[in-house]
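Student: I am new to this structure and would like to learn how to read its features. Could we take them one at a time?

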Amino acid sequence: MSITSPEKYWWKPADLQEKVWITIAILWCLVLSVMMPLWHIIGTQNPSLEPMKIRTDDYRAVSDAFIEKYKVGEESGIPVVEPPANSDVYLRAQMWNWTPILKLKKGVNYKFHISSTDLMHGFSLMPIVMNFQIVPGHDNILNITPTEAGTFHILCNEFCGIGHHTMIGKIIVI
Amino acid sequence: MSNELEFRTCPITGKKVFKATQNLIWINAVTAVVFILIGGIMAFLIAMTRWPAVHLLPAEMFYRFLTAHGLNMLIFWIVFFEIAGLYFGASVLLNSRLAAPRVAWFAYILMLVGAILVNIMVFTGKATVMFSSYVPLKADPIYYLGIILFAVGALIGCGIFFGTLAVAKAEKTYEGSLPLVTFGLSAAAIIAVYTLACGAIIYIPTFLWSIGIIENLDGAMYRLIFWGLGHSSQQINVTAMVSIWYLLGALTVGATPVNEKVCRTAFVLYILFINLAAEHHLLTDPTLSPAHKIVNTSYMMYLAVLASMIHALAIPMAAEVAQRKKGFTKGMFEWLSKAPWGEPGFPAMIFSLIIFGFIGGITGVVYGTEQLSIKSHNTWALTGHFHGTVVGGTTLAFMGLTYYVIPLIFRRELIGKKWATAQPYIFAIGITLLAIGMGGAGTLGSPRRHWDVTFADAIIPFSFDPAVILFTTLAAIGALIAVTGGAIYVGVSVLSVFFGRKMAPNEAKIL
């Protein structure tokens with residue numbers, strides 16, 4: 001029994017059934033292992049992240065400059081910004097909003113820089129459910145091309161204090 | 001402290017049970033049950049808050065109690081129980097005295113003081129930082145100190161386990177190799193050592209940061225090392241749980257592993273690969289390159305998953321062989337249908353195995369893929385995953401074992417055997433519904449750690465697909481059933497331990 005010492009020579013070949021099962025399991029592990037790098041090549045929705053650090057003060061300064069340059073209006077006290085095609089887009093997570101509200105064009109590529117100036121936040125794009133961890137001091141760089149028009153919302157899904165559940169952002173794709 | 005060498009012989013297994021070991025198992029296990037009681041009350045309150053139809057607590061209390069739930073369940077309940085399990089595996093199963101019982105008591109006191117400090121800080125609102133306490137969200141320094149004290153105590157407990165293995169070997173209390181259960185617990189203890197080392201590496205600087213000695217802590221660095229503690233500690237739970245499956249198999253149907261080599265190799269895979277796999281928490285982080293993520297999180301994780309796949313065959317296989325030897329050979333499944341479903345250990349083991357594998361395990365492998373992590377990271381589906389592993393798996397296995405520890409080690413007859421038998425069924429149904437509800441809502445984007453999924457106070461109006469609310473309701477109903485199962489567990493074990501009939505020294509009866 002498993003609560004007593006085994007017989008003296010227990011290093012024995014596995015049974016056929018065990019061998020079959022272990023072979024199936026290993027093959028399946030191999031399939032999974034191949035899929036992930038493969039998806040980087042053939043997948044169309046794969047983030048190949050560019051790791052980069054940025055000081056929170058610097059990030060605040062560049063994102064403020066970005067907002068000032070391309071601001072087209074205001075909604076619920078949050079600036080609405082319409083950046084040109086193929087440009088860098090700064091989306092700032094802070095307690096407790098996503099600044100600014102973005103107006104983007106369908107089929108155009110944008111280079112997103114998402115970071116935080118206070119605590120950790122969780123970027124969760126609804127309703128397509130794409131999630132990224134937002135860490136202060138680090139720039140989460142994502143190349144995003146909107147493929148459909150409509151209004152998208154950004155939830156925060158990392159606990160960031162008492163107002164966490166009110167933190168919602170918006171992206172409008174036209 | 002009575003004589004360290006005083007022992008009795010178990011009338012059922014013939015094992016020597018030393019008085020000092022018995023007392024230490026008792027205090028650690030009873031303390032574990034106290035913490036599952038606190039965590040269970042929190043579970044009820046937060047589940048009733050997440051459910052929009054009830055929405056019980058105000059936001060501040062919700063986040064506070066959510067922090068308390070995570071810590072009391074994931075750390076205090078499970079680790080106290082595991083320390084009891086380690087002492088059992090080394091001392092009782094090897095017929096050996098426990099190495100340094102006084103030091104083991106010191107370890108217990110450290111853990112208890114740590115756990116109490118943490119709870120005081122959390123309940124007074126000075127540490128509403130969640131289980132993960134990501135910097136730069138800051139808690140009171142005493143909170144970090146409590147965690148450090150607890151971890152040091154647990155580390156000493158592991159030391160006592162290894163010391164007892166050495167004592168047993170030197171005093172030749174057993175012949176040949178370690179029993180499989182002790183071998184598995186050794187794997188758990190080895191994982192525990194490097195897990196707790198990660199804890200020390202991250203919590204000591206965090207403590208210094210909280211009192212102002214260190215100025216800056218990088219959040220990404222914190223996450224990297226924290227998950228060396230946070231996820232690897234779940235791997236201790238997995239390894240301990242698998243050991244307990246083997247133990248319950250032996251206690252309920254007399255199961256003997258079919259091939260010791262296969263089972264033991266699988267435990268070694270856990271030791272080697274699980275720590276690296278902990279990096280799957282960082283799949284959507286901005287810090288690491290895709291190549292790094294793929295190798296560490298996934299390739300290494302699959303080798304650990306392979307180990308679980310092996311155990312998933314070996315344990316039912318051992319039970320089947322044992323049952324067939326007893327003559328239950330009709331058809332494919334007579335061995336299963338004639339299994340002892342009417343005593344708590346067998347259903348607890350089987351349900352724990354099924355929920356762990358099919359709910360917790362499969363979702364874990366899926367969400368641990370780099371691309372699919374993007375779809376699930378920080379959603380409620382993740383919460384569903386680890387309620388499948390740690391609650392439906394580990395906790396249910398520990399609950400099942402408790403009903404055997406009480407008569408075998410504490411020598412008390414169970415009070416409410418029928419309740420004890422029904423308990424694994426109720427708990428398993430509750431956790432299954434809970435995990436499915438969380439998984440469904442999370443897949444549709446419902447965030448974890450969130451007070452109000454109807455977004456009534458949101459700055460920009462937003463509302464979910466109504467299916468999210470449906471799944472949330474399902475989870476809440478599951479939580480109610482699971483909490484009922486948990487309450488039965490606490491009731492039966494506390495009543496039996498304190499008021500159960502004392503069994504005669506030679507009484508050879510388990511249930």
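Student: Leaving aside its neighbours within four places in sequence, which residues is B:Met73 in contact with?

Tutor: Keep in mind that this is a predicted model. For B:Met73, what remains is B:Ile36, B:Gly39, B:Gly40 and B:Ile78.

Student: Where does B:Met73 lie?

Tutor: B:Met73 belongs to helix α2 of chain B. B:Met73 and B:Asn28 are 45 residues apart along the chain, and their C-alpha atoms are separated by 15 Å.

Student: At what angle do α2(B) and α13(B) pack?

Tutor: For a pair of helices, read the angle, the distance between axes and the handedness. Helix α2 of chain B covers residues 59-92 and helix α13 of chain B covers residues 380-408; they pack at about 40°, and their axes are 12 Å apart. At that angle, α2(B) is therefore oblique to α13(B). Their crossing is left-handed.

Student: Which residues of α2(B) and α13(B) meet?

Tutor: From α2(B) come B:His69, B:Leu74, B:Trp77, B:Ile78, B:Phe81 and B:Glu82. On the α13(B) side they meet B:His387, B:Val390, B:Thr394, B:Thr395, B:Phe398, B:Leu401 and B:Thr402. By class, this contact has seven nonpolar residues, five polar and one charged.

Student: How is α4(B) placed against α5(B), roughly parallel or roughly antiparallel?

Tutor: Begin with the angle. α4(B) and α5(B) pack at about 155°, with 9 Å between their axes. An angle over 145 degrees counts as roughly antiparallel, so α4(B) is roughly antiparallel to α5(B). The two helices make a left-handed crossing. Their contact holds 22 nonpolar and four polar residues, with no charged ones.

Student: How far apart are the axes of α14(B) and α15(B)?

Tutor: The axes of α14(B), residues 417-443, and α15(B) are 7 Å apart, and the packing angle is about 155°. That angle is why α14(B) is described as roughly antiparallel to α15(B). α14(B) passes α15(B) in a left-handed crossing. In this contact there are 20 nonpolar, eight polar and no charged residues.

Student: What is the volume of the second largest cavity?

Tutor: The second largest cavity has a volume of about 120 Å³. It is lined by 13 residues, and those closest to its centre are B:Ala29, B:Val30, B:Val33, B:Ser493 and B:Val497. At least two lining residues come from each of α1 (19-50), α13 and α15 (466-499) of chain B. α15(B) gives the most, with five residues. This lining has eleven nonpolar, two polar and no charged residues.

Student: How many residues line the second largest pocket?

Tutor: A pocket is open, whereas a cavity is a space the probe cannot get out of. The second largest pocket is lined by 39 residues, and B:Val79, B:Phe150, B:Ala154, B:Leu196 and B:Ile236 lie nearest its centre. About 530 Å³ of space lies in this pocket. Helices that each supply at least two residues to its lining include α2, α4 and α13 of chain B. Its lining residues divide into 34 nonpolar, four polar and one charged.

Student: Last, the backbone. Which residues does a cis peptide bond join in chain B?

Tutor: Omega is the angle to read here. A cis peptide bond joins B:Val135 and B:Pro136, with omega about 5°. B:Pro136 sits in the loop between α3 (101-123) and α4 of chain B. B:Ser133 lies in the loop between α3 and α4 of chain B, and its phi is near 35°, a positive value in a residue other than glycine. In chain A, the peptide bond from A:Met126 to A:Pro127 is cis, with omega near 5°. A:Pro127 lies in the loop between β8 (121-126) and β9 (130-134) of chain A.

Definitions and conventions:
Residues numbered from 1 in each chain as written. Chains lettered and ligands numbered in written order. Predicted model: local features only at pLDDT ≥ 70, side-chain atom pairs only at ≥ 80, totals over all residues. Heavy atoms only, no water. Axes fitted to C-alpha atoms, helices over the stretch in contact; angles between N-to-C directions. Helix = DSSP H or I, 4+ residues; strand = E, 2+ residues; numbered from the N terminus. Parallel < 35°, antiparallel > 145°, perpendicular 65-115°, else oblique. Left-handed = near helix turned anticlockwise from the far one by under 90°. Contact = heavy atoms within 4.5 Å. Nonpolar A, V, L, I, M, F, W, Y, C, P; charged D, E, K, R; others polar. 1 Å grid on protein atoms, 1.4 Å probe; cavity = no way out; pocket = protein on both sides within 12 Å on 5 of 7 lines; lining within 4 Å. Points joined across faces, edges and corners; volume = space filled by probe spheres on them.
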